Structure formats: structure tokens, C-alpha cells
Amino acid sequence: MGDNNKVLNYLHDIIYRKIHRLIKILDIQITSNLNEAGIETRPAKTNGLWCCALLPAILLMNIFQYNVSPVHKLIIYVSVGQFFYCLLFILFMSVSCLILQEQIYGGCIASSLCSALLVYLFISQDLTLSLISTVPSICLFSLLLRYSLTKFPKTFTIGEAMIVTQSIVLFGLATIVQVIAHDPRDEINFVNAIVFTILTTVALIVTALYMLKEKHRNLSTLAYIVGFAIVFTLLVLHFLLGASCMLRILNYVFMDHNRINLLSFWLFLVLIAALVVVLRTSLAVKASTVTRKSFHILASCVFLSGILYDVEFMRLAAGGGLGLLVLVEALRKSRIEPISSALQSAFNVYSDEKDVGSFAMTPMYLYAGLACPLVLVPVYKGSELELLSGVLSIGVGDTAASWFGSRYGFNTWPDSSRTMEGTTFNILSQVITVYVLQMFDLVRAKHGLVRASIAALVSGLVEAQTGQVDNLILPLVSLLSFQATCFLR
């Protein structure tokens, strides 16, 4: 017995002292190198280096839980290559920031070949096709990661930049592959085609706004851009869905009573949010943290209702909403009056201390956090808790912690401004929400309360300690926790 205790104490010493100390030294060295190079990341107590493992871990877990498609396996193996690249990036960053000035280097090629080898071995693809599908993806990820840190000061920590650029590349690759091989008669592919068209159109509009010369930044030019975007959208939909594309879309949305009810409910919530924003902006009263969390509740109601009653329709709406959110942010930064000034006024009222960079990332993170399970979970039936991981962690738990902690919290966690009372209420609120959903038979999950308790505990403790943006990190942590307890399902 004494020998066992010595072994456990030795392992504890390795894990919680030596490894933790090594990571801390690595983080401090990277921060020092960033400062010497004049690169400003978002102010935070750490660089969030551990965040690079979240998406690859979630995607790898899918292989062990589900019979995933070849497309999904391709995305998983590309994410593994991204993870290896992140490890090399962190290692080189701890030595020097010169890596940020390199276009392509050996680490990028090595990571690409790792992904290509996995695709070649486990999807049985031709080696040439394996290289074509992986090398450009890893190289693009490398380019976007370096670009996000050097061109957008104070916008991301390193960990946040890694997650954002990982997501952009993986989502883009998955969408393109699915659209190329799509069957327009299948509902999933039908939704994917529409979302692809929406996001591609928004990307073109954003690109056009970015490239405008100062003298052309006016409403007239914007009208031309919007007109061209509408024509482009119709052409792409016609190509992907056929000549009756608009009729099919209208039938899909309005010929189903359940979808009409959902759409009406969502529009009602959007109207409430818009009225609140307009009213508070006109008063020019700075919103408190608790006030901002009210939008978490409204957004969570949208995703909760969609996930429980029509997941595919929710995916379609989420894709459209993401495009709209990106477009609004692009218009805010476009310097086209009076649109930019009006949006900037609303931003000044509702921005928080983390919105100090080039873009308003907090609302985008909120939306992406609520929507990401719809993309990351490959099988919807029986995965209700996984799909609700964003709603539970930030819509319920984070909101409850903010409200309760600000009013009744007195005991703060070590090296954190978060309170233990807020964390406790965070965990309890998530468990109670799952209990209520099960009581009304809205969620049917075996051992749901046990799994929800474990996920709530993990996400609650991470929320109390992390310096990364909660809206981005907590849904991924919660989803990974639900996946880890899948053996109870």
C-alpha cells in the first residue's frame, strides 16, 4: 500500500508540478518573444496554448463513437495535421517570432504529409488525391494563423487564433467537398448547398468592401455590390439545386407547420433583441455584463427550440445567421455612412473589455459557440446532450454564473476574478436545465443527469479559471466532456 502511494505521489509530482511548470515557462517565453517582435495579442493572463487540442480531440472522438462518412474522416485527419502544426508552431514561437514571417517552412510540409498519410491509409484514397486534399488545407491554416496574429492586433490570443483558423479551414473544406459530391434530393445536402451559397456570397461582399477605395465608400456603391451578390446567389443556387431552386426553398420553409412556428418564434426574439439594442443605443448607456448576458438567453432560446424540434432547419438558420452576423461586422468596419456610424454606436454600448481588437469577436464567438455542435456532431439521433453543449455551457451556465456571482459571490478563485458561488450556480443551473428538459420528455438521454453533471462540472471549473473568451472555449469543453461520457449513453 505504501509503495502504491509513493507511485501516485510521484505521478502527481510529474503531472501537476513539472509539466505544469514547463507549460508555464513556455507560455512566458512566447509572451516575451511576442513583445520583442511588437506583436500584440488580446490581453489575457495566458496565451491559451492548450486550446489547439480542443477541435482535433472532439473530431477524433467521433471516430470511436460513430460510423462517420469518408468526408468526415477527411476533416478529422486534416485536423490532426493542424494539431501537429500547432505543436511545432508553439515550439518555434518559444524560440523566436521569426516563424510569423515565414511563408512556408518544413513544419508546415511535415504536418501536411502527416494528414495525407492518414487519409491514404485509413480512407483508402489515392496518394495524389490525399496530398491534394490535405496539403493546401494545412498551408492555408498556416497562412491564416500567422495573418490573424500579425494583422489584427489585440484581437486573438494564440489559442483563440488557433481555434478560429482551424474552424475556418475545416468548415470550408467540409462544405466544398460536400457540395462537390452532393445529391440535391437529400435534405442534408440540400441544406449544405444553401449554407454554402450564403457564406460564399457573404465572403464576396466582405472582399468587395475590403477592396473599395475611399472615394467609393458610399451607399450607391454598396447597392451595386448587393445587387451583384443577389445575382450571384441565384446563379449558384440554380447550379446546385436546379431551375426550381427558389420554389424548393420556399416549400421547405413554409410548407411545414412546425417550421413556420419556429420561424415566427425566432423572428419574435430577433425583434425583441433589435428593439433593445436600438433603445439602449439611443440612450448611449453602457451595457453591464449582466445586461449583455440577456442576449445569451435570447440566442439560447433560438438554438434550444431549433435543436429540440427541427435540427436540420436549425442548421439552415444557423448558416444564414452566421452570414448575416459577419456581414453586419463588415459593414461596421466598411466606413460607409451612415451605416458604419450607427453600427459603431451600438458596438460602443454593448462591447466588453475583451472587444479591444480589430473586430467584435465576442458576439461572433457566442453565435459560433451555440452553433458549433450542429457541425461537430455527425449523428443527431441520440446526441441531444452533445447538440445542446453550447446552450448549456454559455447560454445557461455562463449566464447564471455571471448573474449569481455578481450579486451573491464573495469568495473568488485563486488568481481569478470569478467567484466560487458563481461557479456553483453555473453547475447547478446546467444540471437543473437538463432535468427539466427530461421531465417534459424533450430530451431522452440515458444517464442524462450524470453526464450533464460531469460536463457542467468541467465547463464550470474551466469558466472559473480560463482567461480565454468563454463563448468560444466553453462549448468545445462541454462537448468534449459529453463525448468522454458517451459510454453511459
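Lysine 154 is partly exposed, at a relative accessible area of 32%, where buried means under 20% relative accessible area, exposed means over 50%, and partly exposed is what falls in between, computed with a 1.4 Å probe on protein chains only. This lysine 154 has a phi near 60°, which is a positive value in a residue other than glycine, and its place is the loop between helix H5 (127–151) and helix H6 (158–180); helices here are DSSP runs of H or I with at least four residues, strands are runs of E with at least two, and both are numbered from the N terminus.

Before I go on, please keep in mind that this is a predicted model, in which local features need pLDDT of at least 70 and side-chain atom pairs count only at pLDDT 80 or more, whereas totals for chains, interfaces and linings use all residues. Residues are numbered from 1 along each chain as its sequence is written, and side-chain values use heavy atoms, with hydrogens and water left out.

Staying with the backbone, aspartate 441 also has a positive phi, of about 60°, although it is not a glycine. Aspartate 441 is found in the loop between helix H17 (420–439) and helix H18 (448–465), and with 42% relative accessibility it counts as partly exposed. The peptide bond that runs from glutamate 337 to proline 338 is cis, with omega near 5°, and proline 338 is in the loop between helix H12 (311–333) and helix H13 (339–350).

Let me turn to the aromatic rings. A search of the whole structure finds 16 aromatic pairs, a pair being two rings of Phe, Tyr or Trp (its six-membered ring) whose centres lie within 6.5 Å, with planes under 30 degrees apart counted as stacked, over 60 as edge-to-face and the rest as tilted. One of them joins tyrosine 77 and phenylalanine 122, a tilted pair at 5.9 Å centre to centre with 35° between the planes. Tyrosine 77 lies in helix H3 (residues 70–93) and phenylalanine 122 in helix H4 (residues 106–122), so this pair ties together parts that are 45 residues apart in sequence. Tyrosine 77 is buried, at 8% relative accessibility, whereas phenylalanine 122 is exposed, at 51%.

Phenylalanine 404 and tyrosine 408 have ring centres 5.0 Å apart and planes at 45°, so that pair is tilted. Both residues lie in helix H16 (residues 389–408), four residues apart, which is about one turn of the helix. Phenylalanine 404 is partly exposed at 22% relative accessible area, and tyrosine 408 is partly exposed at 43%.

Phe190, Tyr252, Trp266 and Phe313 form one aromatic cluster. Over the face of tyrosine 252 lies arginine 259, at 3.9 Å from the ring centre; a charge sits over a ring if NZ of Lys or CZ of Arg is within 6 Å of the ring centre and within 35 degrees of the ring normal. In another such arrangement, the charged end of arginine 332 is over the ring of phenylalanine 347, 4.0 Å from its centre.

Finally, the cysteines. How many disulfides does a search of the whole structure find? The search finds zero, with a disulfide taken as a pair of cysteine sulfur atoms within 2.5 Å. For cysteine 97, the closest cysteine sulfur is in cysteine 86, at 16 Å, which is too far for a bond, and cysteine 97 is buried at 8% relative accessibility. For cysteine 114, the closest cysteine sulfur belongs to cysteine 108 and is 12 Å away, again too far for a bond.
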